[in-house]
Structures are given as structure tokens and as C-alpha cells.
Amino acid sequence: MLNKILVAAGLGLALTATAVAQTPRTGGTIRFTAPYGSSFSSMDIHTTQRAQDEIFGKGLFRSLYNWDSAKGEPVLELAKEVTVSDEGLVHTFKLRDDAYFHNGRKMTADDIIWSYNRIMDGSKAFPGARFVRLIKGAAEVEKGQAKDISGLKKIDDFTLQMTLTEKVNPAYYFFTATTSIYPADEGGKDSFLQKPIGLGPFKFVEHVPGSRIVLEKWEKFYKPGKPYADKFIVSVMSEAAARDVAFRNKEIDTSVLGPAQYVAYQADPNLKGTIVEVPEVFTRHMGMNPSFKPFSDKRVRQAINYAIDTQLIIDKLVKGKAYRATSWLPITSPVYDKALKPYPFDPAKAKQLLTEAGYPNGFEFEWTASNNESWGLPIVEAVIPMLDRVGIKVKVKQIETAVLAETARKGEFQAYMYSMATGPDPQASLKCFHSATPQSACNYNSFKNAEFDKLLDEAGQTGDSAKRDELLKKANALLFEEAPVWFFNYNKAVMAVQPWLKGIQLNATELTHQNVEDIWVEASSPAK
Amino acid sequence: MLAFASRRILQTVPTVLAVVLLIFVLFSVIPGSIISSLSDDGRGPMDVQVVERMKKELGLDDPVHVRFTGYISRLAVGDLGTSFRTREPVGSMIAKRMWPTLQLIFTAMFLAIVFGIPLGFVAALKPGGLVDMASMVGAVSGLSMPKFWLGLLLMYLFALTLGWLPSFGYGDGSLKYLILPAVTLGVSPMALLARTTRAAVLEIMTADFVRTARSKGMSELRVVKWHVMRNALVLILTTIGLQFGALMGQAVVVEKLFSWPGVGSLLVDSVLQRDIPAVQGSILVAVLFFLIINTLVDLLYVVIDPRIKYA
């Protein structure tokens, strides 16, 4: 896993490797930017699953597990060890006895139980419920049939027993900020929105809505000597051009780059060394609705994959800021299959498949897309003449990005263009194509294949991780063959990082989500 | 005067109600909701059961008339509702962001008045001259240039090249953070004021009463000060009033560009995320601001021009 990341990371490797070799400096200010669209949703991180909010969330809060970018998997964070029962359902956590909330109180098992009970409150809508529901009895709390989650048992203050409903790795369920641990009772108070209290390496100082959030070092953080920096500031900056000026002017330490800036930074000798890149677990694709007759035929879906010169679009339009997709699971997935080769650009083959499927003269379909530069209208416009060559006409329907997910969820499309998280848990990602998964959940293409279901079911039942990986690989290969989508690309996340900021991690789940306690600022930073 | 002021305030009530209705209907029919916006970054689909709960909690599935009645009844007691996104009262969200927006608007208008009006006057006193030509070219450019582009140019020049000012952010709210966004916002009204002033002064300079004043032997300075300026001010004041109100809307672009924590950026964020109560509240505040400024301008006419009388 680590090798994959390092190979793909390119210039970022050098930057990180240098960082590892140096002695961290304490003090200074880390100045991140939050680039995704709008201001922060809420200081109550349980209420939001947006990537934008988790940027500061990583500084302020902590969950039972945390993402380890070097290992490429979630690892224990608030527990020192976990033992699993023979049948794989009961997990006993030995919790940290040195984790203090920002109000000075020590974390105990009660806080975890309280936090998970809160997330399952049936009168509220916390996105993390989809993860906590994995625990036995959580669904009953959600339905109002029980007050407490029966599968959570406090053995003592620092020992917690968790009984699951499925034999899966809970690490993938309890590492995002949506399942952060709050101090029992405090999290429900109105004052929490004004002054949130977490277990993270930085504590809350101020939030200027629409502009920035400022956090300062939490002296009682449980990792000795960390965090290194005294202050952590995250500025909301959705405009790429404004970020560019601020980065060049040394006012910010990080800036996420789009395709155009990626090219410009690579060409500038002063900026080239600041680029950090990683293949993220997002797959860009065109989903095809089988209720639209032509798309119910596998040959038509394959024909579309053959008809599009995907590499040309990645090179010319996405400016190389993506990796060619070779099925659903991305490069940084633990079960990525290197042996799979992408559909070659072969219009003649596409035409042949269309003829065999009964569409020798092609057909017309409506393609719903947003104006996103990497997976929206610009891409659709480039594809239209390619499909036209094999007789397929496209009618474009433009909608806002905010509406896209709902359109897909309701199945109100013939084809849609989207970027979906396809990791880090490969099992959960592939489950979106299981026939038992409703369209409203994430089976947007209403995919139904008995062989695929069988492979996935077997993977869910086996306790042998090697066998599970093999089954998931097979399922992924089957998906590639069935082509429910046009496999476009896996996102290459690119961030510019100032030379004085060290310890940036190549987080494949989202590059902007950093364990800020591991980052330090050298004395050359203009921010004191 | 008092009767007029009361009448004007009463006249604003139907306008406000019409705006409230329009915004409500508009956001009831456009596609998308806070739920879809929560997963628009593709990180993962929203849980189906959570979606259902959210719909119930926020009343998204209630019929339009039920939601409208609820909204109006809350509004009648001054409650702007609770934000779908932050779960905070919209009133308090707007209150937090009002001061930065007012700082921005008043500074922008101050710059527009201080530079725009004298420029228009000077240009009009010698039409066709070098100052006139230069100021009008500047005015047309200022009016035509998109604020987004102008803001980036100013950032590039004053922050990156000269290093005099920060390129973004609110900082501690001090002047150095305010200058670039305020200038970006103020250039357009400044240009309009310069053009309006020039046109008004040129017209008045040819009026009979000016010719009479000059023929009486009055000095040019006195003619301009006593006759031209006061008469031109009525038109200028109207322009100021309209521009002042419009700045609230124009601040949207500037606030987003400079990461300025005002009502404008709140409005954009709320629209993008379909946070309907926050959208309604922000627009309502912008409309009220516009109406208040224009009512004040109407009242000021009396002070400037004694011929204007309100029954």
C-alpha cells in the first residue's frame, strides 16, 4: 500500500521524505485553506459530512480511529489496543487513559457511549448514523425503541466492549469526524456551537463565519511533544485565483490546485517544488441508467467505453491531473488490481458492439452534468464528438453540483457525470453495486448482477482477509466487464505546500485532511 | 415631514411582503435541497434514513402553504428561523456578519463620494479638456470592469507586487484588510457618480438662472457653489441612494473573492447549499437596507432643495 502511494506521489515524495529526516521545530502557525465552495457548516461536526468541515475538524476533534496515510488504512486513535472475539463481532477496546477534552476533563468510555447514542438520536439527523448503525442495538435507538445502544458496554472507565451486527472492520466506520467523540452532555448544549470542545491537538479560539477558524495548541494532547505548532488557522478560500495570489504572497501555507494551476505551478521553477500530489479515492464516471433501454444492454455500455478517447481527455483537458480509471476501485484502494487494463480507444469496436446490440445507427441520450471543470460540462463537451463518431447523439442537461446527488439518488437521469468516493473501504464502495442496495442509497445505476452479489456476499462472510481481498478483486473485475459506467479517471489531488511547512501526509482519502499534530513550521515561515 | 416618513415606511411593507413571497416561491420550485448539497462533494452518499429524518426535522416535505404560513408567522414576531446548515438562529448569523458588510459598504461609498463627485465636477467645468477625457475614460472602465477581475488585479498589484496590503481575509477588521475589498467595491459607484455629476453639472451650467447669476457679475466660484452645486446635488443624491442600496448586492462577489465575512458571502454560501432560511433572511436584510437608504434619501431632498415639499 505504502509503495503505491509513494510511486504515485511523485514530487510529494521528496517533500515528505525530506520532512521525515528533519527534526521537528515547535512553535509557529500553520495556515491552511479550506477550498471547497462555501464557509464551514457548523462547529458541531456531528451534523456535517462535508470535506470542507473536516479540514478544521482534524485539528479540533478526534474519533475512535484515525486515518494513517503512511499505512493507507485507519488505525486506533483513542484506544491503545483492541481484541476481537473469535466470531469477529465483539470488539473490546482498551481506551487511552491520557486523552483530555479541551475543558480539561479526561475521556472515559462514557463519552464514547454518549457520543454514539447522540449520533443515533432518531429525532435528529446526524450523517454519522450510517456508521454507528453497525453497532448492535443502534438501530433500536434510532427508531426510538431503546434509550441506549445495547451493543456498547462499559467494562470500566477505560475499557469498552462493542458488539457489531456484521463481520466487518469497524476501523473504516469510526475514523471520520462524523463520529467524533464529544464530552458527555457538553455536546448537546447550545454553547457547544459557539465554543466546541474536542479531543484534538488544537483547541478552539475563534470562528469568523465565512472567513476563518483559529485554533491553538492543546497542551494536554495525548501524543507526547505534539502538536508542534502553537496555532492552527484555516481560512475559507473558495476562489482558486485568490488562493493563488495569497500563496505566492506567502500569506497561506497550502493551496489546493485545479488543472490550470497545476500546469502553471509545474512550469514555474519557483513553485514546482511546492507541489504535493496523491491519487485520491474518488472515481469520476458517467453513470448509465438501465431503465433507458439502450443502457440496459451491456454491449452498449461497453461501446461507450470503447468510443471515448479517455486518455486524450485526461492529458489535454484535465491537464494530467488524474489517473486513467481501470474499473471502480482506485489506485490507492487496498485491493486495486494492477493487472486490469483500461478499455482501449477503439471506435470500430464500439460501432461493432452497437450494431450487435441493435443500434447500428446509434441513438440519442440525455446527459446530466454540473459545470465542474474536472468532471462536468467541459468533459461532456469533449466527449460529444467522440460519441457522435459512432452514431450516439448527446443532449446535455446542466444542473448545479448541489442538485446532482439528488438527481442520481432519485434516478432522474439517463446518464449523469459524477465523482464518487470509492474508498477507503473497498467492500463498502463495491456494495453500492449490490442489488440489495437501493438506488436512493448509492446504487445509482440500479446495477443488478447475481454473480457480483454472490462475490460480495462471500467477501462479507469470510474471516480470511486474503480471501476477502481476492473476492473483492474479482467483483471489481466483473464490474469492469459489465461497464455500468464509463470509467473516466481517479482523481489526482494536488496541493501546493510552502517549503517551510513540514510533515504533510499523502492522505489518499482527502489530501486536505491532515493530522495537524504531525506538521511543523520552520523558522523561515513569515507567520509567527 | 413626519407624516411623509411614516407614509414611506408603510409603503415599504407591501414591497417587503412581495419580496418575501417571491423568494419563498422561487426556492420552493428550484431543484435541490440542503440534503443534496451535503453530499455534493461526492465523499459519500447521505444515509437514506438520515435523509428521511432530516426532511422531517427541517419540514422539507411539508406542503408549500404550510411552510409559508409558518415562515410568515415567525417573521411577524421577528424570528427569521433557524439555519438548515449551521442550526443557529438566522438572525444571529446575520447579526455576526452585518458589521463587516457595513464596514465594506460604507468605506466603498465613502471612496466613491470623495473621489467620484469632485472628479465629475472638475470634468464638467472644462468639458472636452484633458481632465474630462481622462476621468471619463476612467469612469467607463470602472463601470465596465467586472469586480472579480478588478479585485484580482488589485490583489496582484498591491499585495503580490508591492507588498503593501494583505491580499485576503478579515484579519482583525483593521483598515489594511479593508482597503482592497472596499476599493474593488467602490470603483463602480465612483465611476457612476463621476458620470452623473458631470452630466448634471453640464446641464445646470447652461440653465437660465446660471446665466443670470453670471450676468449679475457673480464670481464663477460663487456661481458653482450657490447655484450649480446645490441643484446638481439632487441628482447626485439620488444616484448615491440607489448605489448605496445596490452595494449590498454587489458585495456578494467582493466578499467571496476576499474571504470577507459579510452578509454577501453568507448569501452565496446559503444559496449554494440551499439553506433556505438563511437565504430568505439575507435577502430580506438586503432589501430592507435598500429601502431604508432610499427613504432617507427622499427625506434629504427637503434639506437640499427647499422647493421640494412633502405634505
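The model is predicted: local features need pLDDT of at least 70 and side-chain atom pairs count only at pLDDT 80 or more, while totals for chains, interfaces and linings use all residues. Residues are numbered from 1 along each chain as its sequence is written, and chains are lettered from A and ligands numbered from 1 in the order in which they are written.

**Stop one: the interface**

Select chains A and B together. Here 56 residues of chain A are in contact with 50 residues of chain B (contact: C-beta atoms, placed from the backbone, within 7 Å). On chain A, at least two residues each come from α5 (129-132), β10 (231-236), α8 (240-248), α14 (401-410) and β16 (415-421); helices (H or I, at least four residues) and strands (E, at least two) are DSSP runs numbered from the N terminus. The greatest contribution to this side is that of α14(A), with seven residues.

**Stop two: the nonpolar core**

Next, select A303(A), A307(A) and M417(A), the residues with the most contacts inside the largest nonpolar core, which has 229 residues. Such a core is a set of buried Ala, Val, Leu, Ile, Met, Phe, Trp, Tyr and Cys residues joined through C-beta atoms within 7 Å; a buried residue has 20 or more other C-beta atoms within 10 Å of its own. Helix α8 (residues 175-205) of chain B gives the most to this core, with 15 residues. Around A303(A), neighbours within four places in sequence aside, display its contacts A350(A), L353(A), L354(A) and V390(A).

**Stop three: an enclosed helix**

Move to helix α11 (residues 263-272) of chain B. Nine of its 10 residues are buried, so the helix is largely enclosed by the rest of the structure. Those buried residues, V268(B) and D269(B) among them, pack against α5 (90-125), α10 (220-257) and α12 (276-304) of chain B. After α11(B) comes R274(B), with a positive phi near 55 degrees.

**Stop four: a helix pair**

Finally, select helix α6 (residues 130-144) of chain B with α8(B). They pack at an angle of about 135 degrees, their axes 8 Å apart; axes are lines fitted to C-alpha atoms over the stretch in contact, and angles run from 0 to 180 degrees between N-to-C directions. From α6(B), the contact involves S135(B), A139(B), G142(B) and L143(B); from α8(B), residues including V187(B), M190(B) and R195(B).

Terms used. Two residues are in contact if their C-beta atoms, placed from the backbone, lie within 7 Å. A residue is buried if 20 or more other C-beta atoms lie within 10 Å of its own, exposed if 12 or fewer, and partly exposed in between; C-beta atoms are placed from the backbone.
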